[in-house]
Amino acid sequence: MHKHEDKSDTAYTERQACRAREMLQRLDVDAVKLTYLEDGKVFAAVKEKCLACQDARECVHWLGATPPNTEPPAFCPNVDVYTACKRS
């Protein structure tokens, strides 16, 4: 995150949400399964962790890699949940 980037900024929130969606797709996460875990509490925690994440640059780099990365990234605070919700 840039030093001047305000986390309360709507554009920042939208960029983080887009990266989260891309991460779900790239890792082949079952979004329905994720959404319903513990009545939505896990999904809410995933969103909060993503919005608070300090590794946005690393995330952008990982998502932009060619060829695309498909192994869960160690830097992601949600990697364990994403792995548990991978489509079978």
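Reader: So what do the buried residues of helix 3 pack against?
Author: They pack against helix 1, helix 2 and helix 5. Contact here means heavy atoms within 4.5 Å, and buried means under 20% relative accessible area, with exposed over 50% and partly exposed in between (1.4 Å probe, protein chains only). Helices are DSSP runs of H or I with at least four residues, strands are E runs of at least two, and both are numbered from the N terminus.

Reader: Before we go on, what sort of model is this?
Author: It's a predicted model, where local features need pLDDT of at least 70 and side-chain atom pairs count only at pLDDT 80 or more, while totals for chains, interfaces and linings use all residues. Residues are numbered from 1 along each chain as its sequence is written, and side-chain values use heavy atoms, with hydrogens and water left out.

Reader: Fine. Which residues of helix 3 are buried?
Author: Val 42, Val 46 and Cys 50. Looking down the axis of helix 3, its buried residues fall within an arc of 75°, so they line one face of the helix. That arc is taken over the directions from the helix axis to the C-beta atoms.

Reader: And what's exposed on the other side of helix 3?
Author: Lys 41 and Glu 48 are exposed there.

Reader: How far does helix 3 reach?
Author: Its twelve residues reach 17 Å from the first C-alpha to the last, close to the 16 Å expected at 1.5 Å a residue. The expected span is 1.5 Å times one less than the number of residues.

Reader: What about helix 1, how far apart are its end C-alpha atoms?
Author: They are 24 Å apart, which agrees with the 24 Å that its 17 residues should span at 1.5 Å a residue.

Reader: Which residues of helix 1 are buried?
Author: Tyr 12, Gln 16, Arg 19, Ala 20, Met 23 and Leu 24. Seen down the axis of helix 1, these buried residues stay within an arc of 140°, so they line one face of the helix. Thr 10 and Gln 25 are exposed on the face turned away from that buried side. The cover over the buried residues of helix 1 includes helix 2, helix 3, helix 4 and helix 5.

Reader: Switching to the voids. How many cavities of 30 Å³ or more does the structure hold?
Author: One. The largest cavity has a volume of about 110 Å³. Of the 14 residues that line it, the closest to its centre are Met 23, Cys 50, Cys 53, Cys 59 and Cys 76.

Reader: How are you defining all that?
Author: On a 1 Å grid over the protein atoms alone, a cavity is a set of points where a 1.4 Å probe fits but cannot get out, and a pocket is an open set with protein on both sides within 12 Å along at least five of seven lines; lining residues have an atom within 4 Å of a point. Grid points are joined across faces, edges and corners, and a volume is the space filled by probe spheres set on the points.

Reader: Which helix gives the most to the lining of the largest cavity?
Author: Helix 1, with four residues. Helix 1, helix 3 and helix 4 each supply at least two. By class, the lining of the largest cavity has ten nonpolar, two polar and two charged residues. Ala, Val, Leu, Ile, Met, Phe, Trp, Tyr, Cys and Pro count as nonpolar, Asp, Glu, Lys and Arg as charged, and the others, Gly among them, as polar.

Reader: And how much space lies in the largest pocket?
Author: About 150 Å³. Helix 1 (10–26) and helix 3 (41–52) are the elements that give two or more residues to its lining. Among the lining residues are Gln 16, Ala 20, Leu 24, Val 46, Cys 50 and Tyr 82.

Reader: Now the loops. Is Asn 78 buried or exposed?
Author: Asn 78 counts as buried because its relative accessibility is 2%. It lies in the loop between helix 4 and helix 5, and touches Ala 45, Val 46, Lys 49 and Cys 50, not counting residues up to four places away in sequence.

Reader: Where's the cis peptide bond?
Author: It joins Thr 66 and Pro 67, with omega about -5°. Pro 67 is in the loop between helix 4 (56–63) and helix 5 (79–84).

Reader: What's the phi of Asp 28?
Author: Near 55°, a positive value in a residue other than glycine. Asp 28 sits in the loop between helix 1 and helix 2 (31–36), and counts as partly exposed at 33% relative accessibility.

Reader: And Asp 39, where is that found?
Author: In the loop between helix 2 and helix 3. Phi of Asp 39 is positive, near 55°, and at 76% relative accessibility Asp 39 counts as exposed.
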